[in-house]
Amino acid sequence: MSYDVPVAPGDTPAEVQFGGGVDHGFPLWEVFVRAKRGLSHTHVGSIHASDAETAIQNARDGYTRRAEGVSVWVVPSKEIVASDDAESMFEPFEHKPYRHPTFYDIPKEVGQL
Amino acid sequence: MDARTEEERFNAIIDDDEKIEPRDWMPEAYRKTVIRQMAQHAHSEVIGMQPEANWIARAPTLLRKAILIAKVQDEAGHGLYLYSATETLGVSRGELQELLHTGKQKYSSIFNYPTLSWADIGAIGWLVDGAAIVNQIVLQGTSYGPYARAMVKICKEESFHARQGYSIMMTLADGSDSQKAMCQDAIDRWWWPSLMMFGPHDSESAHTAESMSWKIKRKTNDELRQMFVDQTVPQARYLGMTIPDPDLEFDEESGHWKIGEIDWEEFWSTIRGDGRLNRERIAHKVKAWEDGAWVREAATAYAVKHGMKLDKSA
């Protein structure tokens, strides 16, 4: 369907340059929710808010309306430090199959190992 | 060492049915298409609150009112997930909102139709959200990761929307003659616009081929429309209501319901901005934003006063 709203015949779509605008809104926060006790907080999305306390409240309203969590973290998006996700970053591990238990053939008679 | 070019790597991810993530290299046209589609999807959720909010104060029972409030709140939440996903591509929320307010980006034309009776709230949940679910279930498999994840979360919530709508229709269909007539009238007005939600025929759809090859779209407009028709016709029959299409018939050979021709003139005219409520919807949205200015200013002042103000570039 078309949330990708089509252009009507004879119409010219507005030329839009993304990423050039200035945002006068609130800062952006990344939201992490612990689904239940015993599980880690997991990233679920982001939210705008003027301060940390409001960010927590907005995150609760936005991401846990159906008891999806028992705990929420918010982190200013600009504080996230991310890896360079080029393949070369993680490639070396593919050449070390001996790190995995299945690399070793152990006779059945040995039993649980 | 990675000897592949960025484009080869991108294509390999798509071919393997894996997801593209925000920091990956992607063709500019892919980025633009995903931004446009997610943004317009987000705008649709936000504008979609208006026709339903119109009935909150007039809901027939306290329970129906509480349900409708929860549903409209969900639509705001869906807008949030989608704006959040769009922002991963470096577009700001303010920028997206500006594009909506100035009409440079559109929203689904279904929301330019008025909600004239309580039965329309039932018809929207059942037909409009029903159509949205068919589309969104398939979009869970879209190739852009944040969009796919937003769809998973939205789909979980949409099922409630469709079922509460059908529940309203069942109550009316089981009621007095005038309630039955109200139910039929809503179906008569919402059936065709719901089918139009899937967009023009594949042969007329400019972006379909490219979006399919990039796996942004996973099924074509006509395929999705057919899925919706096949699941909805028996539901209308269960209500004892008539679908306003004299050409509707079951095709034994294909096992599908065949529909008559859609009034594309009405569809295009609504997209061009000449629908019944295009101007009113945007005017209302802009007014809500402007009326809320003092709240945003107060929140910022509070954050500054308590030394909590973060750099806006965050």
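Analyst: Asp61(A) is partly exposed, at 34% relative accessible area; here buried means under 20%, exposed over 50%, and partly exposed in between, with a 1.4 Å probe and protein chains only. Asp61(A) pairs with Arg60(A) in a salt bridge, with the closest N and O atoms 2.8 Å apart. A salt bridge here is a Lys or Arg side-chain nitrogen within 4 Å of a carboxyl oxygen of Asp or Glu. Arg60(A) is exposed, at 53%.

Keep in mind that this is a predicted model, where local features need pLDDT of at least 70 and side-chain atom pairs count only at pLDDT 80 or more, while totals for chains, interfaces and linings use all residues. Residues are numbered from 1 along each chain as its sequence is written, chains are lettered from A and ligands numbered from 1 in the order written, and side-chain values use heavy atoms, without hydrogens or water.

Over all chains, the count is 20 salt bridges. In chain B, Arg225(B) meets Asp222(B) with the closest N and O atoms 2.7 Å apart. These two sit 3 residues apart in helix α10 of chain B, so about one helical turn separates them. (Helices are DSSP runs of H or I with at least four residues, strands are E runs of at least two, and both are numbered from the N terminus.) Arg225(B) is buried, at 3%, whereas Asp222(B) is partly exposed, at 26%.

Lys287(B) and Asp291(B) make another salt bridge, at 2.7 Å from N to O. They are 4 residues apart in helix α12 (residues 278–291) of chain B, which means about one helical turn between them. Lys287(B) is partly exposed, at 48%, and Asp291(B) is partly exposed too, at 43%.

Then there's a network: salt bridges link Arg65(A), Arg66(A) and Glu68(A) with Asp74(B), Lys153(B) and Glu157(B). Ala67(A) lies in the loop between α1 (52–63) and β3 (71–76) of chain A. Ala67(A) has a positive phi of about 55° although it isn't a glycine, and it is exposed, at 68%. Chain B has a positive phi as well: Lys215(B), near 60°, in the loop between α9 (208–213) and α10 (221–239). Lys215(B) is buried, at 17%.

What about the cysteines? The count of disulfides over all chains is 0, taking a disulfide as two cysteine sulfur atoms within 2.5 Å. Cys155(B) is buried, at 13%, and Cys183(B) is buried, at 0%.

For a look inside chain B, take Thr86(B) in helix α4 (residues 62–87). Thr86(B) is buried, at 0%. Leaving aside neighbours within four places in sequence, Thr86(B) is in contact (heavy atoms within 4.5 Å) with Ile35(B), Met38(B), Ala39(B), Val91(B) and Leu96(B). As a whole, chain B has 13 helices and 2 strands, and 54% of its 314 residues are buried. The C-alpha atoms of chain B fill a box of roughly 65 × 55 × 35 Å along the principal axes.
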